[in-house]
Amino acid sequence: MYTVYFSAFSLHRCMLRSCLMLLILGIAEAIPKFGPILSLVGGSTTTCLTFIFPCLFYLKINEGNVPLHIQVLMYEIIVVAVCGGLAASYSAIKAIIQVYT
């Protein structure tokens, strides 16, 4: 479907990879305590991607065809996930404030 051309060595590719590694190194050195920031991102996005979005998408795709007991279960999962995500985000923000002050 797509034509991909590979070359054995290219100065452009080597420079691109070197610049990318330097950028990653710069970010790592600029943020020495990255754990609390990673906790904030993980606590907020993982909850949405794992629990909230699948339930919402299932309910939206099968709108009108989902039995009541399944709807109740999906909404319970969403409510518990929102509470868990808020608690994880709150504790991560608290840790960030504690580390950087």
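Student: Is T50 buried, partly exposed or exposed?
Tutor: In this predicted model, local features need pLDDT of at least 70 and side-chain atom pairs count only at pLDDT 80 or more, whereas totals for chains, interfaces and linings use all residues. Residues are numbered from 1 along each chain as its sequence is written, and side-chain values use heavy atoms, leaving out hydrogens and water. Buried means under 20% relative accessible area, exposed over 50%, and partly exposed in between (1.4 Å probe, protein chains only). The relative accessible area of T50 is 43%, so T50 is partly exposed.

Student: Which helix contains T50, and how far apart are the C-alpha atoms of T50 and L22?
Tutor: T50 belongs to helix α2, helices being DSSP runs (H or I, at least four residues) numbered from the N terminus. L22 is 28 residues away from T50 along the chain. The separation of their C-alpha atoms is 33 Å.

Student: Are α2 and α3 roughly parallel or antiparallel?
Tutor: Helix α2 covers residues 35–61 and helix α3 covers residues 68–100. Their axes, which are lines fitted to C-alpha atoms over the stretch in contact, come within 8 Å and cross at roughly 170°. Angles run from 0 to 180 degrees between N-to-C directions, and those over 145 count as roughly antiparallel. The crossing angle therefore makes α2, relative to α3, roughly antiparallel.

Student: How many charged residues does the contact of α2 with α3 have?
Tutor: Asp, Glu, Lys and Arg count as charged; Ala, Val, Leu, Ile, Met, Phe, Trp, Tyr, Cys and Pro as nonpolar; and the others, Gly among them, as polar. By these classes, the contact of α2 with α3 has 23 nonpolar residues and seven polar ones. The number of charged residues in this contact is none.

Student: What is the distance between the C-alpha atoms of V99 and T46?
Tutor: V99 lies in helix α3. With a relative accessibility of 34%, V99 is classed as partly exposed. V99 and T46 are 53 residues apart along the chain, and their C-alpha atoms are separated by 23 Å.

Student: Which residue forms a salt bridge with E63?
Tutor: A salt bridge is a side-chain nitrogen of Lys or Arg within 4 Å of a carboxyl oxygen of Asp or Glu, and the structure holds one. E63 has a relative accessibility of 57% and is therefore exposed; K60, also with 57%, is exposed too. The closest N and O atoms are 3.7 Å apart in the salt bridge that E63 forms with K60.

Student: How far apart are the C-alpha atoms of T3 and L40?
Tutor: T3 is part of the segment before α1. The relative accessible area of T3 is 59%, so T3 is exposed. Along the chain, T3 and L40 are 37 residues apart, while their C-alpha atoms are separated by 40 Å.

Note on methods
Helices (H or I, at least four residues) and strands (E, at least two) are DSSP runs, numbered from the N terminus. Angles under 35 degrees count as roughly parallel, over 145 as roughly antiparallel, 65 to 115 as roughly perpendicular and the rest as oblique.
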